[in-house]
Amino acid sequence: MEYVRLGATGTQVSRLCLGCMTYGDPARGRHEWTLPEDESRPILKKALDLGINFFDTANVYSDGSSEEIVGRALKDFVARDDIVLATKVHGRMREGPNGAGLSRKAIMAEIDNSLRRLGTDYVDLYQIHRFDPQTPIEETLEALHDVVKAGKARHIGASSMYAWQFATMIFTARANGWSEFVTMQDHLNLLNREELREMAPFCVDQGIGLLPWSPLARGRLAKTSDERTHRQETDPLHESLYAKTADSDRAVIDAVGNIAEKRGVPRAQVALAWLLQVPGVTAPIVGASKEKHLDDAVGALSLQLEPAEIESLEEAYVPHPIVGFS
């Protein structure tokens, strides 16, 4: 396993982050494809055995049960100070006007709820899951700063939004001496590279680490363009992100397959190897519903793509709509 700094901080994280949306009670939340606790624990243990020390979840994943399952497993398998644990706040957790968003009230309630479910006194990275246009950014930023100063989070991060929104938040925090975002978790993969236009260059300039989510495009880059999984059939987010397969997308998927065949490696390794060479990327957030998925992901760390291969992966791409911000 390789380890790198988390953005410009001194915290060291594995070059791959395990995304924990997959682990959660299927009866809670909107994701019937999630794995219950007894099936989740071996995969979490496998990740640790492979040297992964970076785990990302969110309060909304399976109505909080992801945090519960991940928290219990990590407490049983590893010392707390040996891992970097991340979670998120923004999505709706209860009915009523204050049950979602980034108000001070919501943030202060949800950090305590997440810590209780995770069974820990602090998270290493507390992230705003999306931008909240209904709350003044000063209110959000000062609340996050207070969470850090209270010792409930070591660092703060953000997720998908427009680059101008993120820049406004960064410079407002800096002007007020508040805790600054150290990471941006954004939608970036071979099938959607729009973040490379504005967000990625801004983050590189500011020393903010990129944590791409959906690095395999909900599994589409790991299979042929005609194959579909149970998750793809039942995940509403998949449909909103990748509802239509354009000819250009098929060409990219085919290019991944051609390189994988020539190299004798799984398609997932090729797609991840491309992402790992993008400037500013700290750790792609990989999902795994089988232990083999983790072996494939770790194998991407030693796969060095040739310039001609990178060109063949990128040449068919055409501009895509901005998705994943809501």
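**Pairing and burial in a predicted model**

Tyr126 stands opposite Ile156, a residue of strand S7. S7 covers residues 153–159 and pairs with S6 in the parallel sense over five bridges. Two strands count as paired if DSSP finds at least two bridges between them. Helices (H or I, at least four residues) and strands (E, at least two) are DSSP runs, numbered from the N terminus.

The model is predicted: local features need pLDDT of at least 70, side-chain atom pairs count only at pLDDT 80 or more, and totals for chains, interfaces and linings use all residues. Residues are numbered from 1 along each chain as its sequence is written, and side-chain values use heavy atoms, with hydrogens and water left out.

The sheet is open and has eight strands. Their order is S9-S8-S7-S6-S5-S4-S3-S10, and the pairing is parallel. Strands S9 (209–210) and S10 (285–286) form the edges, and each pairs on one side only. Strands of a sheet pair through backbone hydrogen bonds.

Within this sheet, S4 (residues 54–56) pairs with S5 (residues 84–89) over three bridges, in the parallel sense. Phe54 stands opposite Val84 of S5. S5 also pairs with S6, again in the parallel sense, over four bridges. Here Tyr126 in S6 is the bridge partner of Thr87. From S5 the chain crosses through H3 to S6 in a right-handed β-α-β crossover. The crossover from S6 through helix H4 (residues 137–149) to S7 is right-handed too. Right-handed means that, with the strands pointing away from the viewer, the path from the first strand over the helix to the second runs clockwise.

A residue is buried under 20% relative accessible area, exposed over 50%, and partly exposed in between (1.4 Å probe, protein chains only). Strand S6 (residues 123–128) is mostly covered, with six of its six residues buried. Helix H10 (residues 267–276) is also mostly covered: nine of its 10 residues are buried. Among them are Ala268, Leu272 and Trp274. The cover over the buried residues of H10 includes helix H9 (247–263), strand S10, helix H11 (291–299) and helix H12 (307–314).

Ala222 lies in the loop between S9 and H7. Ala222 is partly exposed, at a relative accessible area of 30%. Neighbours within four places in sequence aside, Ala222 is in contact (heavy atoms within 4.5 Å) with Leu216, Arg267 and Ala268. Ala222 and Leu272 are 50 residues apart along the chain, and their C-alpha atoms are separated by 9.8 Å.

Two loop residues have a positive phi without being glycine. His90, with phi of about 160°, sits in the loop between S5 and helix H3 (104–118). Ser214, with phi near 55°, belongs to the loop between S9 and helix H7 (230–234). Ser214 is buried, with a relative accessible area of 8%.

Trp164 belongs to helix H5 (residues 163–176). Trp164 is exposed, at a relative accessible area of 58%.
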